[in-house]
Amino acid sequence: MKKLTAVLLSLLLVLSAVVPALAGGETKDETVYVIATADGEARKVIVSDWLTNPDGAETLAGVENVKGDETFDGTVWAANGKDIYYQGTGEETLPVELKITYTLDGETLTAAEIAGKSGRATIRFNYTLTDAARIEGAQARYIPFAVVTGALLDNDVFTNVEVENGYLVNDGDRTIVAGVALPGMNENLELDT
């Protein structure tokens, strides 16, 4: 039970969006890491930003510092010709909600109920865009996100692992299960299915 719980608690949801170009040729790439509980509730949110500096500028202007203690006077980053990386914790409503459901031999169970049991288990990840992902003033339009979910499974506990719409990597001791989703893409592209 502890192993399954530890594995499920270490699920990592990655939301990634690239912000359009800044003042010069710089870009900002922001990745949000969500450490989720076994039911998909966000336990910890880590926001990591990367400001590229392709021209090797000494300073980067027009960037608002919202996290970190990097050298920044409110208007200009002292970049010294390098890219800037900064990280903090997020408190805002996440744009993507994760719900995890479990079945064992066809019976729906909670994470606590399935822990330590044997049988044919199915774990399903469902993603729903929240109002935080809606583009203001646009009907049925959402900010595009790529969502990556991963689980690290101990091969002494989990056998015959299969995945639909995802990937498996096995190093002999552990199986990594990873999946990628683009929630809201049908709505954005106005597709029926």
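Where is the place of Val148? Val148 sits in strand β10, residues 146-154, strands being DSSP runs (E, at least two residues) and helices DSSP runs (H or I, at least four), numbered from the N terminus.

## About the model

This is a predicted model, in which local features need pLDDT of at least 70 and side-chain atom pairs count only at pLDDT 80 or more, while totals for chains, interfaces and linings use all residues. Residues are numbered from 1 along each chain as its sequence is written, and side-chain values use heavy atoms, with hydrogens and water left out.

## A nonpolar surface patch

Val148 is partly exposed because its relative accessibility is 34%; the class lies between buried (under 20% relative accessible area) and exposed (over 50%), using a 1.4 Å probe and protein chains only. Together with Tyr167 and Val180, Val148 makes up a nonpolar surface patch of about 300 Å² accessible area. Areas follow the Shrake-Rupley method with a 1.4 Å probe, and for residues only the protein chains shown count as cover. Patch members have over 30% relative accessible area and no salt bridge; like charges are joined within 9 Å, and nonpolar side chains (Val, Leu, Ile, Met, Phe, Trp, Tyr) within 5 Å.

## A buried loop residue

Now to Ala133, found in the loop between β9 (121-129) and β10. Ala133 counts as buried because its relative accessible area is 0%. Leaving aside residues up to four places away in sequence, Ala133 touches Pro95, Arg141, Tyr142, Ile143 and Phe145, where contact means heavy atoms within 4.5 Å.

## An open sheet

Three strands build an open antiparallel sheet in the order β8-β7-β9. β8 (107-109) and β9 are at the edges with a single partner strand each, so one side of each has no neighbour in the sheet. Strand β7 (residues 96-104) pairs with β8 over 3 bridges in the antiparallel sense, and pairing requires at least two DSSP bridges between the strands. Tyr102 stands opposite Leu109 in β8.

## Salt bridges

The whole structure holds 4 salt bridges, each a side-chain nitrogen of Lys or Arg within 4 Å of a carboxyl oxygen of Asp or Glu. One of them joins Arg120 and Glu162 at 3.3 Å, N to O. This pair links distant parts of the chain, 42 residues apart: Arg120 is in the loop between α2 (111-114) and β9, and Glu162 is in the loop between β10 and β11 (167-170). Arg120 is exposed at 53% relative accessible area, and Glu162 is exposed at 60%.

Asp171 and Arg174 form a salt bridge too, with their closest N and O atoms 2.7 Å apart.
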